[in-house]
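Please keep the structure open while you read.

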Amino acid sequence: MAANLETKEPILEIKGRNSLKGEVTISGAKNSALVLMAGALLCSEDCRLRNLPSLVDIHCMTQILAALGVKLQRNGDILEINARDIGHDQAPYELVSQLRASFFVIGPLLARLGMTRVPLPGGCAIGARPVDLHVQGLQAMGADVRIEHGVVHACVKGNRKRLQGAKIYLDYPSVGATETIMMAATLAEGETIIENAAQEPEIIDLANFCRSMGANIKGAGTNTIVISGVERLHSTEYHVIPDRIEAGTFLIAGAITHSEISLAPVFPEHLASVIAKLQAMGPKVILEGSDRLRLIPGELRGTDIETLPFPGFPTDMQAQFMALLTLSEGSSVVTETVFENRFGHVAELQRMGADIRVKGKIAVVRGVPFLSGAPVMATDLRASAALVLAGLAAQGTTVVQGLQHLDRGYDNLAGKLQKLGANLRRVNGTVSQKSEEYSTIR
């Protein structure tokens with residue numbers, strides 16, 4: 001008799017051990033799109049963003065911008081933004097508390113209006129991500145910043161109307177702090193230099209977006225960024241880069257199911273560390289064009305991974321690789337240096353038969369012959385992807401709960417996997433864990 005799992009929340013039910021085949025289309029980058037939406041606040045004219053993914057986080061950010069007085073219109077993957085009439089209204093806490101990226105609005109609002117109030121942000125509970133570096137950068141540019149009752153109050157000091165250029169050294173190459181300071185500096189008076197800046201592709205994308213509006217930014221993608229402030233920015237139309245983390249996730253999907261798949265569009269240089277680790281494990285990744293990759297499966301062997309700021313191995317791919325390592329020959333050591341609480345997926349992979357031991361920021365993974373399907377709970381965005389990947393390779397049926405995390409960062413992951421041949425379905429309510437009929441509803 002089939003066992004039933006009672007829940008009112010959406011569930012992804014996966015029947016594993018099916019080969020995948022075909023090509024998957026990679027959506028626009030979540031982490032880039034969110035900051036570009038905030039960056040549009042710098043311009044008082046129309047902005048158009050193309051290749052915007054359909055995600056819960058993107059919808060949440062549109063609600064936050066609308067609460068600030070921004071006019072928005074979504075048509076497919078195109079978002080029209082007009083921030084001409086933004087005011088000093090505080091973004092609602094109930095929205096900001098759901099989205100870490102909501103804090104990005106502080107830099108543009110301060111640069112445009114000379115003052116702003118932004119609640120402290122929320123997001124995945126993967127570790128401490130304090131706003132100290134954001135605040136210190138804005139203070140160095142002449143802002144008076146204080147935090148009262150969970151709200152950050154910021155204004156330009158004295159009688160000045162604009163922030164002032166400054167030389168800012170970041171104690172850590174924080175992506176968010178680099179983006180906040182860079183946006184604020186575009187409209188500041190004088191030159192701002194950010195040293196030990198983050199070098200992630202999303203930083204380059206933001207710089208290119210701001211430049212398309214008339215900003216003067218040099219050095220994005222290196223550890224020193226120089227911004228010469230301008231008085232105003234103008235209208236633009238801009239295409240969001242492909243999501244390197246989604247692309248990496250699908251490369252793992254091919255490797256863990258021993259399947260040959262292609263993906264496009266991608267920027268291969270954004271995936272250099274991911275491709276290098278995959279090839280060290282056995283699979284091959286072939287460049288089939290300037291923006292297309294093919295995964296050729298191979299026998300899996302263990303490897304060691306240490307997460308680092310770009311161009312090092314991305315923390316956002318650690319969980320997915322751990323799922324792959326559970327089925328790889330030998331032992332592997334995974335060291336998480338970016339976030340202290342990013343092993344939430346370990347207990348769930350263990351439920352599926354994985355051999356993983358954790359001590360502090362280090363996980364030792366010993367490969368096992370197979371994983372077994374089980375009911376599992378996603379604890380954060382990338383953990384949810386790791387559990388889906390494990391389910392694709394596991395014997396039997398895996399039921400993944402906590403899909404609200406998955407929906408924050410993957411645009412129709414279930415539908416894309418089903419198109420490649422995965423046997424899964426997304427449903428609400430009672431799910432039979434031994435059901436033999438599968439389909440995709442998205």
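Leu420 touches Ser19, Leu20, Lys21, Gly22, Glu23, Val24, Phe250 and Ile261, leaving aside residues up to four places away in sequence. Contact here means heavy atoms within 4.5 Å. Leu420 sits in helix H14 (residues 413-420). Helices (H or I, at least four residues) and strands (E, at least two) are DSSP runs, numbered from the N terminus. Leu420 counts as buried because its relative accessibility is 3%. The cut-offs are under 20% relative accessible area for buried, over 50% for exposed, and partly exposed in between (1.4 Å probe, protein chains only). Between Leu420 and Ala188 there are 232 residues of sequence separation and 49 Å of space, C-alpha to C-alpha.

The model is predicted: local features need pLDDT of at least 70, side-chain atom pairs count only at pLDDT 80 or more, and totals for chains, interfaces and linings use all residues. Residues are numbered from 1 along each chain as its sequence is written, and side-chain values use heavy atoms, with hydrogens and water left out.

**Nonpolar cores**

A nonpolar core is a set of buried Ala, Val, Leu, Ile, Met, Phe, Trp, Tyr and Cys residues joined through side-chain atoms within 4.5 Å. The largest holds 78 residues, and Val105, Met141 and Met182 have the most contacts inside it. Another core, of 69 residues, lies apart from it and includes Phe250, Leu278, Val376 and Ala394. In soluble globular proteins, nonpolar side chains tend to be buried together.

What does Met141 touch, not counting residues up to four places away in sequence? Its contacts are Leu163, Gln164, Ala166, Ile168, Ile181, Ala184, Ala185, Ala188 and Thr192.

Helix H1 (residues 30-39) is mostly covered, with 9 of its 10 residues buried. They are Lys30, Ser32, Ala33, Leu34, Val35, Leu36, Met37, Ala38 and Gly39. Ser32 belongs to this helix. Ser32 counts as buried because its relative accessibility is 0%. Beyond residues up to four places away in sequence, Ser32 touches Glu202, Asp205, Val240 and Ile241.

Helix H9 (residues 272-281) buries Ser273, Val274, Ile275, Leu278 and Met281. Which elements do the buried residues of H9 pack against? They meet helix H8 (244-256), strand E16 (284-289), strand E17 (292-296) and helix H10 (318-325). Gly282 follows H9 and has a positive phi, near 130°.

**Salt bridges**

A salt bridge is a side-chain nitrogen of Lys or Arg within 4 Å of a carboxyl oxygen of Asp or Glu. The whole structure has 19. Three of them are tabulated here.

| Pair | N to O distance |
|---|---|
| Arg292 and Glu23 | 2.3 Å |
| Glu237 and Arg48 | 3.0 Å |
| Arg294 and Glu288 | 2.5 Å |

Salt bridges that share partners join Arg48, Arg50, Glu80 and Glu237 into one network.

The side chains of Arg292 and Glu23 meet in a salt bridge. This pair links distant parts of the chain: Arg292 is in strand E17 and Glu23 in strand E3 (residues 22-25), 269 residues apart. Arg292 counts as partly exposed, at 27% relative accessibility. Glu23 is also partly exposed, at 39%.

Glu237 is partly exposed at 42% relative accessibility, and Arg48 is partly exposed at 28%.

Arg294 has a relative accessible area of 23%, so it is partly exposed.

**Empty space**

Rolling a probe the size of a water molecule over the atoms shows where empty space is left. On a 1 Å grid over the protein atoms alone, a cavity is a set of points where a 1.4 Å probe fits but cannot get out; a pocket is an open set with protein on both sides within 12 Å along at least five of seven lines; lining residues have an atom within 4 Å of a point. Grid points are joined across faces, edges and corners, and a volume is the space filled by probe spheres set on the points.

How many cavities of 30 Å³ or more are there? The count is 1. The largest cavity has about 30 Å³ of space. Its lining is Ile26, Pro242, Asp243, Arg244, Ala247, Val266, Phe267, His270 and Leu271.

The second largest pocket has a volume of about 260 Å³. Of its 16 lining residues, Arg17, Ile256, His258, Leu327 and Pro369 are the closest to its centre.
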